[in-house]
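Here is a short report for a reader meeting this structure for the first time. Look at the sequence and the 3D view, then read on.

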Amino acid sequence: MENLEDYNCCGAMEVKNIHPMLQTYMSARNLAIASKLQGCDTVMAPCNGCYRNLKQTKYECASSEETMKTVQDLAVKSGDPVYEGDVRTLHALEWFNLNSAVTAADLAGFL
C-alpha cells in the first residue's frame with residue numbers, strides 16, 4: 001500500500017455545488033495518478049465521501065462517452081495524467097476484508 005502522490009480532494013462537499021463535472025474530474029484525476037504515475041490498478045478510500053465519488057466517477061465515465069471525453073480533455077488541458085477507466089476503488093473495510101486473516105466467525109464473540 002502506498003499513498004497517492006500529488007492527489008487532490010475529491011470534491012465531496014462543496015465542489016459538486018459549483019459544477020458536478022468538476023467533482024467528476026477531480027476524482028478521475030486521482031484515479032489517473034494511481035494508474036498512470038504509480039502503476040496501481042486499485043485505490044483504497046478510507047473516507048465514505050471519497051469512496052462514493054471515486055465509484056461514481058468510474059460509473060459515469062463508463063456509461064457516458066461524453067463524460068469520459070470531457071474528463072480526458074480536462075486532463076490534457078491541465079497537464080494531468082489521463083483517466084482511462086482502468087482503476088477499481090475499494091473502501092477501507094473492503095480492503096481489510098480482502099487482506100485480513102480475521103473472519104466473521106472470529107468476530108462473532110465480540111458482536
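## Contacts of V43

V43 touches L31, A34, L54, V87, R88, T89 and L90, leaving aside residues up to four places away in sequence. The model is a predicted one. Two of these partners, L31 and L54, return in the next section, together with V43.

## The nonpolar core

The largest nonpolar core holds 15 residues. Within this core, the residues with the most contacts are L31, V43, L54, C61, V71 and Y83. Four elements, α2, β1 (42–45), α3 (48–63) and α4, each supply at least two of the core residues. The biggest share comes from α2, which gives six residues.

## T89 in strand β2

T89 sits in strand β2, residues 88–91. Is T89 buried or exposed? It counts as buried, because its relative accessibility is 4% and the cut-off for buried is under 20%.

The contacts of T89 take in L31, V43, Y51, L54, K55 and E94, again not counting residues up to four places away in sequence. Three of the names in that list, L31, V43 and L54, are also among the core residues with the most contacts.

## How α2 meets α4

Helix α2 covers residues 20–37, and helix α4 covers residues 65–78. Their axes come within 10 Å and cross at roughly 65°. Angles of 65 to 115 degrees count as roughly perpendicular, so α2 is roughly perpendicular to α4. The crossing of α2 past α4 is right-handed.

Which residues of α2 and α4 meet? From α2 come M21, T24, Y25 and A28. From α4 come T67, T70, V71, L74, A75 and S78. By class, this contact between α2 and α4 has six nonpolar residues, four polar residues and no charged ones. V71, on the α4 side of the contact, is also one of the core residues with the most contacts.

## V15 in helix α1

V15 lies in helix α1, which spans residues 15–18. The relative accessible area of V15 is 15%, so V15 is buried.

What does V15 touch, not counting residues up to four places away in sequence? The partners are L22, Q23 and M26. V15 and M26 are eleven residues apart along the chain, and their C-alpha atoms are separated by 9.3 Å.

Conventions
Residues are numbered from 1 along each chain as its sequence is written. This is a predicted model: local features need pLDDT of at least 70, side-chain atom pairs count only at pLDDT 80 or more; totals for chains, interfaces and linings use all residues. Side-chain values use heavy atoms; hydrogens and water are left out. Axes are lines fitted to C-alpha atoms, for helices over the stretch in contact, and angles run from 0 to 180 degrees between N-to-C directions. Angles under 35 degrees count as roughly parallel, over 145 as roughly antiparallel, 65 to 115 as roughly perpendicular and the rest as oblique. A crossing is left-handed if the near helix is turned anticlockwise from the far one by less than a right angle, and right-handed if clockwise. Contact means heavy atoms within 4.5 Å. Ala, Val, Leu, Ile, Met, Phe, Trp, Tyr, Cys and Pro count as nonpolar, Asp, Glu, Lys and Arg as charged, and the others, Gly among them, as polar. Buried means under 20% relative accessible area, exposed over 50%, partly exposed in between (1.4 Å probe, protein chains only). A nonpolar core is a set of buried Ala, Val, Leu, Ile, Met, Phe, Trp, Tyr and Cys residues joined through side-chain atoms within 4.5 Å.
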